[in-house]
Amino acid sequence: MTRAVVVRSILLVALLLSAASMCPAIADAAPGSVVDNEPLPREIWVPGSADARRLTYWTTGPDGPALSSGAVYLPAGQPPPGGWPVVAWAHGTLGLGDQCAYSIHGPLLPERDYPYLQTWMSKGYAVVASDYVGHGTPGPTEYLNGIVEAHSVVDMVKASTSEFPALSKKWVVIGQSQGAGAAMTTARYATEFGGSDLDYRGAVATGVPSYIEDLVSKLGPSVPPITLGHSLNTYLVYILNGLRATYPALDIDSLLTPQGVALLNQADTLCYDEFGDVVGGLAIGSLFTRPLSAIPGIDQILRGYMGIPETGYDRPFFIGQGLFDTDVPPPTTMALAARLAANNEPITFRAYPTTHSGTMNQSLPDTVPFVAGLFG
């Protein structure tokens, strides 16, 4: 184990103990109120940042007040009049273990994410990135729970703009993959959740996990005995884990084999790559004794838990989709885009000849001017 890993592990334990000691102070748990502000480890700064901090703050979980944390990256130079406009970065899947949290571990793919975020900072935006509830703070991580993630993102912006006078109240949300789902749900509820404290302008989402709930609802022992591979198996087990955490009364464990229960438990402790190595070769059907459809109303539950809202957006948003994306199939996102357009929602949609990850940077020639127009 390297010295850096040891130091990071000690820091994580200290952070969790500190946060846990604060949990009883629910009376002071106004959404966006800051609990702690400390330096972000230098090795996970976005290149070009003048300063980077880790905030712990109050937000709303599935059962009420909950702690979240996140990273704040400040650009170099003097802020413009009114402060740096804010890009709220909703990150993709990192894993469910606390040590995987963005403000502790940094991005899963730094070679992809750092140039992407550096582009936004070079255009004069500050970047704030929520870890989402329970990721690096006490409690479970409700993976793909759109409403919880939206609260986490909005309240990270509240916390950051109240803590740093150099930040403007004007903001957009930008997300990839898991974060694209979070960005879309945030876009739907940003004005409602942010209230008069913030000035929400719009959203960018690449690799939106569209209608995945329709696949999840079909899971069970009758799924053909083939493996879906590292990524899809990991996502599906994470979704089951998050569903179990959010709705314990559903008794998800009662539908699973002992191996299935053990894997959901193990998912809480590992990061994405490690867990993918564990489940990559499994046939998902082998984890079940009964289908999810045995739960009354499961389709509606899943839609409310992870479905992308199809109406109610009050600001423009951009969706980018890779045509060679094997994590989020293009037909599902195109179906979502068509539904949003039919509902007269303020969508701009573009497709790119690239992969799931490639869409982020290939979309920049379109998304940078799109976002600039939102602040115009």
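**Notes on the fold and its details**

1. Among contacts in the protein between residues at least 6 apart in sequence, 78% join residues at least 24 apart, a contact being heavy atoms within 4.5 Å. This is a predicted model, in which local features need pLDDT of at least 70 and side-chain atom pairs count only at pLDDT 80 or more, while totals for chains, interfaces and linings use all residues. Residues are numbered from 1 along each chain as its sequence is written, and side-chain values use heavy atoms, with hydrogens and water left out.

2. The radius of gyration of the protein is 20 Å, which agrees with the value near 21 Å that a compact globule of 376 residues would have; the radius is taken over C-alpha atoms, and the globule rule is 2.2 Å times the number of residues to the power 0.38. The C-alpha trace spans about 60 × 50 × 40 Å along its principal axes. Buried residues (under 20% relative accessible area with a 1.4 Å probe, protein chains only) account for 56% of the 376 residues.

3. The secondary structure comprises 13 helices and 9 strands, where helices (H or I, at least four residues) and strands (E, at least two) are DSSP runs numbered from the N terminus. In strand β4 (residues 84-90), 7 of its 7 residues are buried. Two strands pair if DSSP finds at least two bridges between them; β4 pairs in the parallel sense with strand β6 (residues 167-176) over 6 bridges, and A90 stands opposite G175 in β6. β4 also pairs in the parallel sense with β5, over 3 bridges, with V87 opposite V127 in β5.

4. Helix α3 (residues 110-122) packs against helix α13 (residues 364-374) at an angle of about 35°, with their axes 11 Å apart; axes are lines fitted to C-alpha atoms over the stretch in contact, and angles run from 0 to 180 degrees between N-to-C directions. In this contact Y116, T119 and W120 of α3 meet L364, T367, V368 and V371 of α13. The residues of the contact of α3 with α13 divide into 5 nonpolar, 2 polar and no charged.

5. L144, in the loop between β5 (126-130) and α4 (146-163), has a positive phi of about 70°, and L144 is buried, with a relative accessible area of 10%. Y211, in the loop between β7 (199-206) and α6 (212-216), has a positive phi near 55°.

Methods:
Buried < 20%, exposed > 50% of the residue type's maximum accessible area, 1.4 Å probe, protein only. Nonpolar A, V, L, I, M, F, W, Y, C, P; charged D, E, K, R; others polar.
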